[in-house]
Amino acid sequence: MSKKSLNFIILTFGLSFIFTGIFKLLGGRLSIANPLTGLVGVIYMFCPFCAVMILEKFSYVKIKQKCAVNFNFNFWYMVALFLPFLLSFASFGVATFFPGVEVSYDMEGFFERLSKTLDDRQINHIRQQLNEYPFNPLIFWIFSAIFFSLTINAFVAFGEEIGWRGYLFDELIQKFNFWQSSLIIGVIWGLWHAPLVLQGHNYPTNPYLGVIWMIIFCVLYSPIFNFIRIKSNSVIAPSILHGAVNATYGFSILFLKGGNEFSVGMLGVSGFILLMIVDVIIWLSKE
């Protein structure tokens, strides 16, 4: 790797791990019930952005050119937005073939998962809110996911993507091919999540195994992010993709009963299967 690549990785990990270390020492814990969880996640996601700014000495012109920061809309922006929706709903379908997993349109399986992190009062409050919807809440959630994917989620994800698909990708692609760069970024990206995962984020029942699962997830998704980065010629499209990934995860487990975070959902085996299929399609398209 180039010196710039190593400096970016070291600085990003340093800023991120110091921040989460301080949060942990102050007694913080990541969970759905903790109102600080969202804020901690946002700050953490902007650590790669801070690393880029420091390394490029806050030069907007250099960063814009090196990290492909532009808003030249094209077809691949639409792919970035809607692909995660397709994968999440398809993951739901794949999971139904797993032993012990069944469809639960009454969302009882979803509430069972929530019971691991929320108390009965909080769960009953969510049930009451759902009953008050004047129409099928799934319609509202889909349109909300589209809105947040394009706005808040994309903005926050940009804090990561300017580092992974912007700065680091630009450095690696000069020395490695597409698949090598994707693997390197995927492993680093997955390891970077470790402090959050070890505190119970994404895989609360077994955070140590969760770190490995997160690395697998990032390695499998990395070629897709890089492919859209290349096709769109912009880091904005991967930011939208990242925002949509975060906004649509719930659809992959919303109507499932059984299984666990390692088997079902986009962060489980059902999601991994679909990501591998997309990776194969990318590989065939580049042959």
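The legends below describe close-up views of a predicted model.

Residues are numbered from 1 along each chain as its sequence is written, and side-chain values use heavy atoms, without hydrogens and water. In this predicted model, local features need pLDDT of at least 70 and side-chain atom pairs pLDDT 80 or more, while totals for chains, interfaces and linings use all residues.

**View 1. Packing of helix H9 (residues 152–172) on helix H12 (residues 207–232).** The axes are 11 Å apart, at an angle of about 70 degrees (lines fitted to C-alpha atoms over the stretch in contact; angles from 0 to 180 degrees between N-to-C directions). H9 and H12 are therefore roughly perpendicular (65 to 115 degrees). Helices are DSSP runs of H or I with at least four residues, numbered from the N terminus. Glu161, Arg165 and Phe169 of H9 touch Ser222, Phe225, Asn226, Arg229 and Ile230 of H12 (heavy atoms within 4.5 Å).

**View 2. Packing of H9 on helix H13 (residues 236–248).** Here the angle is about 125 degrees and the axes lie 7 Å apart. On the H9 side, the contact includes Asn153, Phe158 and Arg165; on the H13 side, it includes Ile236, His242 and Asn246.

**View 3. Lining of the second largest pocket.** Among its 15 lining residues, Leu83, Ile224, Val278, Ile281 and Ile282 lie nearest the centre (on a 1 Å grid over the protein atoms alone, a pocket is an open set of points where a 1.4 Å probe fits, with protein on both sides within 12 Å along at least five of seven lines; lining residues have an atom within 4 Å of a point). Helix H5 (75–95), H12 and helix H14 (269–286) each supply at least two lining residues.

Terms used: Angles under 35 degrees count as roughly parallel, over 145 as roughly antiparallel, 65 to 115 as roughly perpendicular and the rest as oblique.
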